[in-house]
Amino acid sequence: MKITLIPGDGIGPEITESARNIVDALDIGIEWEVVEAGEAVFNQTGTLIPDNVYESIEKNKVVLKGPIMTPIGKGFRSVNVALRKKYDLYANIRPVKSLGTIPSLTKDLDLILFRENTEDLYAGVEKQISDDEAHSIKIITRSASERIVREAFEYAKVNDRQSVTVVTKANIMKLTDGLFLEVARGVAEEYPSIEFKEILVDNMAMQLVINPKQFDVIVTENLYGDILSDLMAGLVGGLGLVPGANIGEDISIFEAVHGSAPDIAGKGLANPTAILLGVCQMLDHIEQKDASNRLRNALDTVLSDSNNFTKDLGGEMTTKGFTKAVIKAL
């Protein structure tokens, strides 16, 4: 199977090289089609995402993407947002799970967040009213709400999860968040064996800090999901340990949720764990579950030894050293 690989900017080439080497070590017949997008390409061509990137994505359907830096003040809001909108990648799925013996605020945590990926305030519908006033329009539709909530419940059903929690601010935004909550309640009725919970986003932030284990599968809108998933990452050791899957009807993109970290680029300090967990999501998606389980187990083994911790985890292991340790653990 051929998969599109976009190395990206900053530490992107280093962590995607790690991912590529480890997937090759799994020996499951994956071929890579490497295409370039990001700031360096923009500086050379004036195009952030060249046509050959789109052609590769549309041909292969499955993408592993490194972090891409969005030029500030040059007309692009976000490469991620652009790809999500172009390919209607409506489900952003972010698992947050404790690994090894990494120092963290919460032990043995296993949550998964489903974030609607195409609308809400991230639709970018803004209007300049005057020099002193600007409006941003929050867009919530029944169809987009239903498909992300159903995705969360289907995941819970297939993976024997106990509950699904919907997060809104429907007490204030009675029309937009009210619609999302109404849809969630309707979908929940179709899954009577799964406990359904609803909570306001401000309370959710507090509850995740006080007692995160009361939750299991979480589903929410775009902006709340972006904020809460970062909060959840902080519970298990940081963004360097959290992947993200962007799933559409036809095309799926897998990535680390952290940024391009240009301050450490090229120094061999980057922690590839997040993108490797993104690889696990990708392998699950293409029905290579044995391989994904092998890789998850290898990561857990490697991260159970503090000698393998990278700089962000308080250790001294290099990116290449970490990669070798994971391949050995496989």
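# Sheet, helices and selected residues of a predicted model

In strand β3, Lys65 is the bridge partner of Ile6. This is a predicted model, in which local features need pLDDT of at least 70 and side-chain atom pairs count only at pLDDT 80 or more, while totals for chains, interfaces and linings use all residues. Residues are numbered from 1 along each chain as its sequence is written, and side-chain values use heavy atoms, with hydrogens and water left out. Helices (H or I, at least four residues) and strands (E, at least two) are DSSP runs, numbered from the N terminus.

## The sheet

Strand β3 covers residues 62-65, runs parallel to β1 and is joined to β1 by three bridges. Val63 of β3 is the bridge partner of Thr4. Thr4 also stands opposite Glu33 in β2. Strand β2 spans residues 31-34; four bridges join β2 to β1, and the two run parallel. Two strands count as paired if DSSP finds at least two bridges between them.

Strand β1 itself takes in residues 2-6 and is mostly covered, with four of its five residues buried. Buried means under 20% relative accessible area, exposed means over 50%, and partly exposed lies in between (1.4 Å probe, protein chains only).

How many strands form the open sheet, and in what order? There are 10 strands, in the order β2-β1-β3-β12-β11-β4-β5-β10-β8-β9, with mixed pairing. Strands β2 and β9 (195-200) are the edges, each pairing on one side only. On average, neighbouring strands of this sheet are turned by 25° against each other, direction ignored. Axes here are lines fitted to C-alpha atoms, for helices over the stretch in contact, and angles run from 0 to 180 degrees between N-to-C directions.

## Helices on the sheet

Helix α1 (residues 12-26) makes a right-handed β-α-β unit together with β1 and β2. A crossover is right-handed if, with the strands pointing away from the viewer, the path from the first strand over the helix to the second runs clockwise. Contact means heavy atoms within 4.5 Å.

## Aromatic rings

Rings of Phe, Tyr and Trp (its six-membered ring) pair if their centres lie within 6.5 Å; planes under 30 degrees apart count as stacked, over 60 as edge-to-face and the rest as tilted. The count of aromatic pairs by this rule is four. One of them is the tilted pair of Phe153 and Phe196, at 6.2 Å centre to centre and 35° between the planes. This pair links distant parts of the chain, with Phe153 in helix α5 and Phe196 in strand β9, 43 residues apart.

Elsewhere, the charged end of Lys86 sits over the ring of Tyr54, 4.8 Å from its centre. A charge sits over a ring if NZ of Lys or CZ of Arg is within 6 Å of the ring centre and within 35 degrees of the ring normal.

## Accessibility of selected residues

| Residue | Relative accessibility | Class |
|---|---|---|
| Phe153 | 0% | buried |
| Phe196 | 25% | partly exposed |
| Asp120 | 0% | buried |
| Ala261 | 24% | partly exposed |
| Lys267 | 55% | exposed |
| Thr319 | 4% | buried |

## Loops with positive phi

Most residues other than glycine have a negative phi, and most peptide bonds are trans. Asp120 is not a glycine, yet has a positive phi of about 65°. Asp120 is placed in the loop between β5 and β6 (126-130). Ala261, also not a glycine, has a positive phi of about 45°. The loop that holds Ala261 is between β12 (252-256) and α9 (273-285).

Lys267 is placed in the loop between β12 and α9. Lys267 and Thr318 are 51 residues apart in sequence, and their C-alpha atoms are 8.7 Å apart in space.

Which residues of helix α11 (residues 319-329) are buried? They are Thr319, Gly321, Phe322, Thr323, Ala325 and Val326. The elements covering these buried residues of α11 include α1, α9 and α10 (289-302). Thr319 lies in α11. Leaving out residues up to four places away in sequence, Thr319 touches Glu14, Ser18, Gly268, Leu269, Ala270 and Pro272.
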